[in-house]
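Subject: The two-chain model for you to look at

Hi,

Here is the structure I promised to pass on.

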Amino acid sequence: MLRFVIRRLLYSILVLWLVATLVFVFLNVSPVPVERVIGGPRATTDMLEQIRANLGLDQPVIVQYGKFLGRLLRGDLGDSYINGTSVASLISDRLPTTLWLVFGAGVLWFLGGVATGVYSATRARGLGDRAVTVFVLIGLSTPPFVMALVLLFVFSTKLGEAGFTFFEAGPPLQEHFLQRMILPWIALAFLMVAAYTRLTRGSMLDVLGEDYIRTARAKGLPERRVVYRHGLRSALTPVVTQFGIDLGALIGSTIVTEKVFGLQGVGQLVYQSINLGDTPVIIGVTLLVTFAVVIANLVVDVGYSVLDPRVRLS
Amino acid sequence: MSMMSELEPEALPPEPAEPPKRVVGRTPFQLAWARFKRDKLALVSLVVLVLMAIFALMAPLWADWTGHPYDQTFPKTALDAAGQPVGPGKDFWLGADQLGRDVLVRAAYGARISLVVGILSALLASLLGVAVGVLSGFVGGVTDTVLARIMDITLALPYLLVAIMLATTFQISSVTASLTLTILVIAFFSFASFGRIIRGQVMSLKQKEFIEAARSLGASNTRIMFVDVLPNLIAQVTVLTSLLIPTSIVFEATLSFLGVGVRLPMPSWGSMLGEGSDVFQTAWWLLVVPAVLLLLTTLSFNLLGDGIRDALDPRSDRIIGKK
């Protein structure tokens, strides 16, 4: 087990290095002219040269890469080209918003998905199951940004005119926290609820077909106990696995939701940085997000082997 | 799943005892088509998609009939005195947008983008996924390790972020180039999950007796790969590809919504939603038209994909890994 974790951690570092290098090379091959952004439209050639020199962009790419890796090894993500703030502090300012968004939505979609999935599986092929299937297909077909736009339109614009406030725009996050977050949560969770319903339903149907469920029924256990204690318990394993992976992956996919609802999270930060050519911030966020995915996968793999003794780590 | 097949037996009509009918062999395709035809929802989706394709093909005709080219603004007729776009009516059947362009004509061109990008990137991703998956699963060894790791890393990349980065830094201004880049980006981020599934399939196929039999008969690796392995993947590849199309359409719409997909002035449903989002309050049709078209298309492709899966593999239930 320990060897497995160490091997995976080393591999994770390799992945992070590869991703960092990839993004670095990429941003160097075809850069957004950051000196233009800083200097403004009226900057002279001399001024532009000066800005590049200040940022160290006049040095050969290989030297820049060496410095970049050196800093990275010391855990320093560098400073923003645009305003000189350290990337770490920029990210840590924005991270809570994104984490609140992802985890809030996560709770919503996990509970929603599992509940609907169990409901549907225990009534397989019945009317309720069919209704759920339709809902699942609609959910899976709705792009998250369309859901966000529709929610904003219906609840904020239309009902706002009628005097209800479901959505408060503008900082700070602490004020009117629920009003600010509830629509983004629903928008982000909608598609995932559908996916998790499908996943839970399939897993439940698999488990409910097992012999030990028949045994439990034959013993005369009440149906509730069979479904929840015996069935759901083992049916949840793949769902929890997927949940871990998705939570990690979603931290990188909140860009659209943050943009539509005007939340100042990591997604907005990186979106703005890409347009400005702020390379250090872009690399910083990319690394953070990749790290989240890699760690989520590791936690899931280890957790899986703890929960299910049949899984051996090799 | 044994439970499902008990609940849903193949609905064969009882054969009359006499006169003895000749047994006519049916090809796998005929069998699949017979099953597909029973799936009403999938048939309806197919019709919807054909209509959508006709709507898309007719794009220049819509522009001719209305007299409104997709990239031309009509400030005099399309905007009212206050500068607000006019709603659906005689002149602009589905209303005008905030710049005074015809929403119907733009939506038709948007349908072209969605269908072309969705189908081409799904095909490209499946081609790449099958190639990598088969190579990885069949050859094994170092090749497998390298290819499997590449797929792992691709899956670990924050795809939306990298896609935005790619689209922004290439600074593309022409419509065709942005279209090509969008298709390549989507295919690149979709092939890995595809390849992983194919790899697993190939690895389990390799253990099957018929492969062993072919090998003992002296068949070469190439022959086994093309004659024994690939044909056994056709059903799965068809299903996966058809379900990849709606995902790709959503991907394109999201990129275009963020302004990094297909470049303006070529309309895409995503960019129509992005451009109009400031005036939804007064001009609801700018939200409703592209959103409904988008949803209708992805929903139809999903239903069609489900139908194809049920038709090709009657034992499988409707549950497959998401994404």
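Before the interface, one definition: two residues are in contact if their C-beta atoms, placed from the backbone, lie within 7 Å. By that rule, 36 residues of chain B and 43 residues of chain A take part in the contact between the chains. On the chain B side, the elements that give two or more residues are α1 (2–7), α7 (141–156), α8 (159–169), α12 (234–257) and α14 (285–312) of chain B. With 8 residues, α14(B) gives the most to that side. Sorted by class, the chain B side has 26 nonpolar, 9 polar and 1 charged residues (Ala, Val, Leu, Ile, Met, Phe, Trp, Tyr, Cys and Pro count as nonpolar, Asp, Glu, Lys and Arg as charged, and the others, Gly among them, as polar).

A word on what you are looking at: this is a predicted model, in which local features need pLDDT of at least 70, side-chain atom pairs count only at pLDDT 80 or more, and totals for chains, interfaces and linings use all residues. Residues are numbered from 1 along each chain as its sequence is written, while chains are lettered from A and ligands numbered from 1 in the order in which they are written.

Now the confidence. The predictor gives the complex an ipTM of 0.84 and a pTM of 0.85. Chain A averages a pLDDT (the predictor's confidence in each residue, from 0 to 100) of 84, and 91% of its residues score at least 70. For chain B the mean is 84, with 90% of residues reaching 70 or more. Where pLDDT is low, the predicted coordinates should not be read in detail.

On to the folds. Chain A has 13 helices and 0 strands, and chain B has 14 helices and 0 strands (DSSP runs numbered from the N terminus: H or I of at least four residues for helices, E of at least two for strands). The C-alpha trace of chain A spans about 85 × 60 × 30 Å along its principal axes; that of chain B spans about 80 × 60 × 35 Å.

How much is buried? Of the 314 residues in chain A, 39% are buried, and of the 323 in chain B, 42%. Buried here asks for 20 or more other C-beta atoms within 10 Å of the residue's own, with C-beta atoms placed from the backbone.

As for Val103(B), the residues it touches include Phe92(B), Leu94(B), Trp285(B) and Val289(B), leaving aside residues up to four places away in sequence.

Best wishes

Key:
Buried ≥ 20, exposed ≤ 12 C-beta atoms within 10 Å, placed from the backbone.
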